[in-house]
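Hi,

Here is the structure I said I would pass on. Have a look at it first, and then read my notes below.

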Amino acid sequence: MPAPDVAALLSELERSDPDIADDARVAVEWLTGGEPLETITQLNVCEFLWYTLPLELSGDRAAIARALGRLLRLGGMDRYAALCASSTTAQILRTYAREGDEAGTAAYQRALNAGGVLPPDVPELRWSSLMGPEELGAHLACSAALELAIVCGRLDLHASTAKAEAEALTRRWLTEPRAELGDDNWLNRVHGERLNRWVLGRGAARRELAQPFEVRLHAPIPAPDGPHLQALRWLLEAADRPGGVPLTQRHNIARAYVVEAAERFGWPMAATRSENHVTALRTLRHIAEHEMQAVRRAGRRLVITTKGRGLLVDPTAMWQAATASLLTPVSGQREMEVSVREVGLMLLSEGKALPCVTLTERVTEVVVGEGWRTATPADVARPLVELRHRLEAFDLCVSPLTWQSPAPVAPERASAYQTPAALTPTGRAAALTALRAQALRPRQYVSLSRGTPA
C-alpha cells in the first residue's frame with residue numbers, strides 16, 4: 001500500500017470539508033516537520049497533541065486536533081486519528097486552558113507514561129531531557145519498537161510484567177547491533193555523543209585537559225582486582241550485625257567503633273576518640289547514610305538498609321556507588337564547586353603527584369576559563385578539601401602522613417616533607433570511573449520527549 005501523501009490528503013480535505021483544511025495543514029506541518037507522513041509514530045502524535053499544540057499554537061486547539069484526526073483518518077492512520085478525538089486529548093487541552101501550563105504539562109506526562117510508548121530508563125542508560133541527535137534517534141527507535149510490540153500484542157500494558165518487559169525490550173533495542181548503524185548499537189552512539197559533549201565542555205583550558213579522556217573513558221573502567229573499599233565494607237558489615245552500630249546520645253558512632261576504624265585503616269584520631277574528630281570516618285558515614293542510602297539511623301543504632309545489603313553482595317554495584325560519590329554534589333554546593341572536584345580528579349588521574357598548592361592553582365585556571373570569573377584559590381580549595389576527604393574515606397589517595405623524612409625535621413618545616421596529593425592505582429581507577437559516570441550522565445532540561453524539568 002503506497003504511503004499517504006500529505007499534499008493529496010490536504011487537497012481531498014479541501015474538497016470535502018474546506019472549513020477545517022487550514023487547521024489540518026497547520027497541524028500536520030508541526031507534526032511532521034516536513035518529513036513524510038509515514039515516518040510519524042504514536043509518540044510524535046501524543047507530543048504534538050498534548051504538548052506542542054497547547055503551548056505553541058493559538059486558536060481553537062480542540063478544533064485543530066479534530067482537523068488533524070480527520071486528515072490522518074483519510075490517510076488510513078485510524079489509530080493515530082483516534083488519539084486526536086480521544087477523551088484524554090480533550091481533558092489535557094481543558095487542563096491547560098483552565099489550570100495553566102504547569103498543570104497541563106503534568107497531565108501530558110501522566111498520559112504519556114500510561115501510553116506505554118515512552119522508553120523507560122534502564123541500567124545502561126537514563127534518558128536525558130535535552131537530547132542530542134544520536135540520543136533522540138535512539139529514543140525514537142525504542143519508542144517505535146515499544147509501539148509495535150503493543151500493537152502486535154507482545155506487550156500487554158495491563159500485565160504485571162509489563163514494566164519488566166518494556167525495560168527488557170528497550171535494553172535489547174539499545175544494545176543489539178543495527179544494520180542501519182553499520183553494525184554499531186544505539187547505546188554506543190548515545191554514550192559517544194555524551195562523552196564528546198562533555199569533553200568539549202566550556203573553555204579552552206578545560207577542553208585541552210579533557211581531550212585525552214574521550215579515549216580513556218570510551219569503555220567502562222573495570223574495578224581493580226584484589227581488596228578495595230575495605231572501610232565501606234567494614235561499616236556496612238558492622239551495620240548488618242544484630243543491633244547494628246551503637247551510637248552515642250548525640251548520635252555519633254560509639255567510641256569503640258571509632259577506635260577500631262582508626263586503628264584498622266590508619267586514620268588519625270584525636271584524644272577525644274569522637275567520630276567528629278576522625279574526618280575519614282565522618283565522611284564515610286555521611287556518604288553511606290545520606291548519599292548511598294546504604295545505612296540508616298534507627299534510634300541509637302546505625303543499621304543497614306536493603307540497598308546496603310545489595311551492595312555487600314555485589315562488589316560491582318558497591319564500586320559504582322562509591323566512585324559516583326566522588327562527584328556527588330554536597331548539600332549547598334554550587335555547580336562551580338562540583339566542577340572543581342571534576343577538574344581535580346582529571347588532574348590527579350594522570351598519576352602524577354602534585355603539591356597541593358600547584359593542584360589548587362591549576363584547578364583555578366581551568367575553572368576560571370570555564371566562565372566562573374569569581375573563582376579564587378580559596379573558593380577552589382574548599383571543594384578540593386571535600387574531594388580529599390572522600391578519597392581518604394575510601395583509601396584512594398596517598399596520605400601526606402605516610403612518608404617520613406630520613407632525619408628529624410623541625411615542625412615548621414614538616415610540611416615540606418609531606419607527600420603531595422596523589423592517587424593510589426585503585427584511586428586512579430576510581431577517578432576514571434567517576435569521570436566516566438559524570439560524562440555519561442543524562443542532561444536534565446525541558447524538552448518535548450520528557451515534558452517537564454527533572
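**What I found**

P246 stands opposite R301 in β3. Residues are numbered from 1 along each chain as its sequence is written, and side-chain values use heavy atoms, with hydrogens and water left out.

pLDDT is the predictor's confidence in each residue, from 0 to 100. The protein chain has a mean pLDDT of 89, and 91% of its residues reach 70 or more. Two stretches stay under 50: residues 400-418 and residues 446-454. Counting contacts (heavy atoms within 4.5 Å) beyond four places in sequence, the model has 11 for residues 400-418 and 36 for residues 446-454. Where pLDDT is low, the predicted coordinates should not be read in detail.

**The overall picture**

The protein chain comes to 21 helices and 3 strands. Both are DSSP runs numbered from the N terminus: helices are H or I with at least four residues, strands are E with at least two. Along its principal axes, the C-alpha trace spans about 100 × 50 × 45 Å. Among contacts between residues at least 6 apart in sequence, 65% join residues at least 24 apart.

**The sheet**

Back to those strands. Two strands pair if DSSP finds at least two bridges between them. Here, 3 strands form an open antiparallel sheet in the order β1-β3-β2. β1 (245-246) and β2 (295-298) are at the edges with a single partner strand each, so one side of each has no neighbour in the sheet.

β1 pairs with β3 (residues 301-304) over 2 bridges, in the antiparallel sense. β2 and β3 are also antiparallel, over 4 bridges. In β3, R301 is the bridge partner of A298, and R301 is also what P246 stands opposite. The hairpin of β2 and β3 has 2 residues between the strands, and G299 takes a positive phi near 65 degrees there.

Which helices lie across these strands? Helix α13 (residues 230-240) lies across β1, β2 and β3, at about 100 degrees to β3. Helix α15 (residues 279-291) lies across β2 and β3, at about 90 degrees to β2. For these angles, axes are lines fitted to C-alpha atoms (for helices over the stretch in contact), and angles run from 0 to 180 degrees between N-to-C directions.

**Rings**

The structure holds 3 aromatic pairs. Rings of Phe, Tyr and Trp (its six-membered ring) pair if their centres lie within 6.5 Å; planes under 30 degrees apart count as stacked, over 60 as edge-to-face and the rest as tilted. Y51 and Y108 have ring centres 5.2 Å apart and planes at 50 degrees, so this pair is tilted. Y51 is in helix α3 (residues 42-56) and Y108 in helix α7 (residues 101-115), so the pair ties together parts 57 residues apart in sequence. Are these two buried or exposed? Y51 is buried at 11% relative accessible area, and Y108 is buried at 0%.

F265 and W267 form a tilted pair as well, 5.2 Å centre to centre with 40 degrees between the planes. W267 is buried, at 10%. W234, F265 and W267 form one aromatic cluster.

A charge sits over a ring if NZ of Lys or CZ of Arg is within 6 Å of the ring centre and within 35 degrees of the ring normal. The charged end of R178 sits over the ring of W173, 3.8 Å from its centre, and that of R206 over the ring of W198, 4.9 Å from its centre. R178 is in the loop between α9 (162-175) and α10 (186-200) and counts as buried, at 12% relative accessibility.

Finally, look at L229, in the loop between α12 (213-216) and α13. L229 is buried at 4% relative accessibility and, leaving out residues up to four places away in sequence, touches M318, W319, A322 and F394.

Definitions and conventions:
Predicted model: local features only at pLDDT ≥ 70, side-chain atom pairs only at ≥ 80, totals over all residues. Buried < 20%, exposed > 50% of the residue type's maximum accessible area, 1.4 Å probe, protein only.
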